Amino acid sequence: MSPEPEIKPEIKIEEYGEGFKTVLICDDNAETLNLISSALKELQYKVEISTGSSDTYEKLRFNQYDVVVLNENFGGSAPENNEVLKFLQNMPMNTRRHIFLALVGQNLKTLDNMTAFSKSVNAVINKQDLPNLVNILKKSVADNDQFYKVYKEILRKLGKR
């Protein structure tokens with residue numbers, strides 16, 4: 001009798017490296033989550049989805065994301081008391097500056113720079129505009145990259161990033 005072949009479990013290895021753009025989506029509404037995820041995959045981002053506040057903190061501690069999309073009601077919180085938003089707002093600037101943070105909400109005016117500034121995010125997006133998210137993110141991420149281009153080049157030359 002011949003020995004049975006050894007069965008090895010399949011191990012899924014995520015490919016990350018130079019040139020990969022990563023995004024963390026913090027949204028627990030299935031409908032909006034699907035719209036956001038589809039748009040970001042279309043933009044060639046590696047998408048990770050957070051399941052709750054503690055999961056988000058863990059992911060942000062151990063991973064560097066190019067983009068974070070946060071629903072202002074994530075985790076069942078009210079927009080003015082969103083724990084994840086507070087965490088990101090209080091993140092050290094040398095880390096936070098490298099993350100493009102988009103806040104999605106029902107009562108936000110899409111790409112309102114004053115609201116974005118007051119909430120310490122890079123862009124605000126109204127939930128009704130999520131079908132246009134590809135174009136909104138293309139424009140706002142490109143504007144943000146242009147704004148920080150010289151700063152990031154200097155950091156690279158100094159060996160700090």
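**View 1. Lining of the second largest pocket by residue class.** In this predicted model, the lining holds 12 nonpolar, 6 polar and 4 charged residues. Ala, Val, Leu, Ile, Met, Phe, Trp, Tyr, Cys and Pro count as nonpolar, Asp, Glu, Lys and Arg as charged, and the others, including Gly, as polar. Of its 22 lining residues, Ala 116, Val 121, Asn 122, Ala 123 and Asn 144 are the closest to the centre. A pocket is an open set of points on a 1 Å grid over the protein atoms alone, where a 1.4 Å probe fits, with protein on both sides within 12 Å along at least five of seven lines; lining residues have an atom within 4 Å of a point.

**View 2. Elements around the pocket.** Helix 6 (133-157) is among the elements that each supply at least two lining residues. Its share, 6 residues, is the largest. Helices (H or I, at least four residues) and strands (E, at least two) are DSSP runs, numbered from the N terminus.

**View 3. A nonpolar surface patch.** Val 150, Ile 154 and Leu 158 form a patch of about 300 Å². Such patches join nonpolar side chains (Val, Leu, Ile, Met, Phe, Trp, Tyr) within 5 Å, from residues with over 30% relative accessible area and no salt bridge (Lys or Arg side-chain nitrogen within 4 Å of an Asp or Glu carboxyl oxygen). Areas are Shrake-Rupley values with a 1.4 Å probe, and only the protein chains shown count as cover for residues. Ile 154 lies in helix 6.

**Notes.** Residues are numbered from 1 along each chain as its sequence is written. Local features need pLDDT of at least 70, side-chain atom pairs count only at pLDDT 80 or more, totals for chains, interfaces and linings use all residues, and side-chain values use heavy atoms, without hydrogens and water.

Key: Patches are made of residues with over 30% relative accessible area and no salt bridge: like charges are joined within 9 Å, nonpolar side chains (Val, Leu, Ile, Met, Phe, Trp, Tyr) within 5 Å.
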